[in-house]
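Load the model and keep the sequence alongside.

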Amino acid sequence: MDSIDQSLINEIQDRFPIHSRPFAEIGKRLGIEEADVLRRLGYLMETGVIRRIGAVFSAEHAGLFSTLVALRIDDVDYLDEIAQAINAFPEVTHNYQRNHFYNIWFTVTAQNEKRAKQIIETVAGIPGISEVAEFPQVKTYKIDARFRIHES
Amino acid sequence: MKIFSEQERNLIRLIQDSIPLVPLPLAEIAQKTGVDENTVIARINGWISGGLIRRFGGVVRHNKIHRTVNVMSVWNVPLDDIDSVASIISNRPEVSHCYHRHGPQGWNYPLFAMIHAESEEHCRRIIDEIAHKTGIRDYQLLFTVKEFKKTSLSLF
């Protein structure tokens, strides 16, 4: 990854133009050709540095219901299997093992609260889970998953 | 869930994924949804200003750019102080998410902040600075052991 790639990664996160020819516009800012921008972005996506280029939607503004759920699994041998069962719900967007009394944490973003509760109840019924805790949000202070690269 | 027209739903389906890497990506999307390019641009801009689209652009995998350590930090903050403490924490660029969350009975850590750092040592330094600046000494660090799933929100 060279310094142009680094600038490009920052540029597409911070100032992506909603224009007819966005990649030409970005190229102009960085002093490179549109074709070079496309080639570099193609490579950064292939190698997984950039997951996608598109819209990041707000669950709240879309009227969806989201919450955070934690599980206590005593026998860690079951942990992977339980995690896979949770992953099967498309409404589960994030799912992590963490070093804590509650060792699995996942987020549910569903059409409504009823559907979210349904998912949580189904998960709670999986054998091997000794405790389920819910952490619904009271207030959102920050959501900004942009990761800037220090340009060299 | 908000109500969207079929045409809007088609557009959302395309832009919640990745736009194509071609010179005229929005024209290509417009063609697929049966509207013209200007309509697509106007809809996206409208959704950005209305807040439905929080941001439009690149989504980067942080572990690919040396932000390999992720921790969910939870802080025992008196509810009267939570806004001011949250604003100090949210100001840090290493913090991607910050929420006030209601926990089960006996849970004393209402403020949640996701932190991304270059190393565990870097992470601990950030935490120390936050603790020093906010005066909050009671916190827990829940490091990621394994990532089972991480996807972008899809509306449909």
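The model is a predicted one.

Start with the largest pocket. Strand S4 (residues 104-110) of chain A gives the largest share of its lining, five residues. The volume of this pocket is about 1,200 Å³. In total, 50 residues line the largest pocket. Nearest its centre lie His94(A) and Ile143(A) from one chain, and Arg54(B), His97(B) and Tyr99(B) from the other. Sorted by class, the lining of the largest pocket holds 21 nonpolar, 18 polar and 11 charged residues.

Now turn to the packing. The largest nonpolar core counts 42 residues. Phe57(A), Ile15(B), Phe56(B) and Leu155(B) have the most contacts inside it.

Leu155(B) deserves a stop. Neighbours within four places in sequence aside, Leu155(B) is in contact with Phe57(A), Ala62(A), Leu64(A) and Gln111(A), and also with Met1(B), Phe4(B), Ile12(B), Gln16(B) and Leu52(B).

Next comes helix H5 (residues 120-134) of chain B. Its 15 residues reach 21 Å from first C-alpha to last, close to the 21 Å expected at 1.5 Å a residue. Which residues of H5(B) are buried? They are His122(B), Cys123(B), Ile126(B), Ile127(B), Ile130(B), Ala131(B) and Thr134(B). The spacing has a general background. An α-helix has 3.6 residues a turn, so residues three or four places apart point the same way. Among what covers the buried residues of H5(B) are strand S2 (69-75), helix H4 (82-90), strand S4 (111-117) and strand S5 (139-150) of chain B. After H5(B) comes Gly135(B), with a positive phi near 80°.

Two single residues remain. Ser18(B) sits in the loop between H1 and H2 of chain B. Its relative accessibility is 23%, so Ser18(B) counts as partly exposed. Beyond its neighbours within four places in sequence, Ser18(B) is in contact with Met45(A), Arg52(A) and Ile53(A). Ala85(A) belongs to helix H4 (residues 79-87) of chain A. Ala85(A) is partly exposed because its relative accessible area is 33%. From Ala85(A) to Val123(A) is 38 residues in sequence and 8.0 Å in space, C-alpha to C-alpha.

Conventions
Residues are numbered from 1 along each chain as its sequence is written. Chains are lettered from A and ligands numbered from 1 in the order in which they are written. This is a predicted model: local features need pLDDT of at least 70, side-chain atom pairs count only at pLDDT 80 or more; totals for chains, interfaces and linings use all residues. Side-chain values use heavy atoms; hydrogens and water are left out. Helices (H or I, at least four residues) and strands (E, at least two) are DSSP runs, numbered from the N terminus. The expected span of a helix is 1.5 Å times one less than its number of residues. Buried means under 20% relative accessible area, exposed over 50%, partly exposed in between (1.4 Å probe, protein chains only). Contact means heavy atoms within 4.5 Å. On a 1 Å grid over the protein atoms alone, a cavity is a set of points where a 1.4 Å probe fits but cannot get out, and a pocket is an open set with protein on both sides within 12 Å along at least five of seven lines; lining residues have an atom within 4 Å of a point. Grid points are joined across faces, edges and corners, and a volume is the space filled by probe spheres set on the points. Ala, Val, Leu, Ile, Met, Phe, Trp, Tyr, Cys and Pro count as nonpolar, Asp, Glu, Lys and Arg as charged, and the others, Gly among them, as polar. A nonpolar core is a set of buried Ala, Val, Leu, Ile, Met, Phe, Trp, Tyr and Cys residues joined through side-chain atoms within 4.5 Å.
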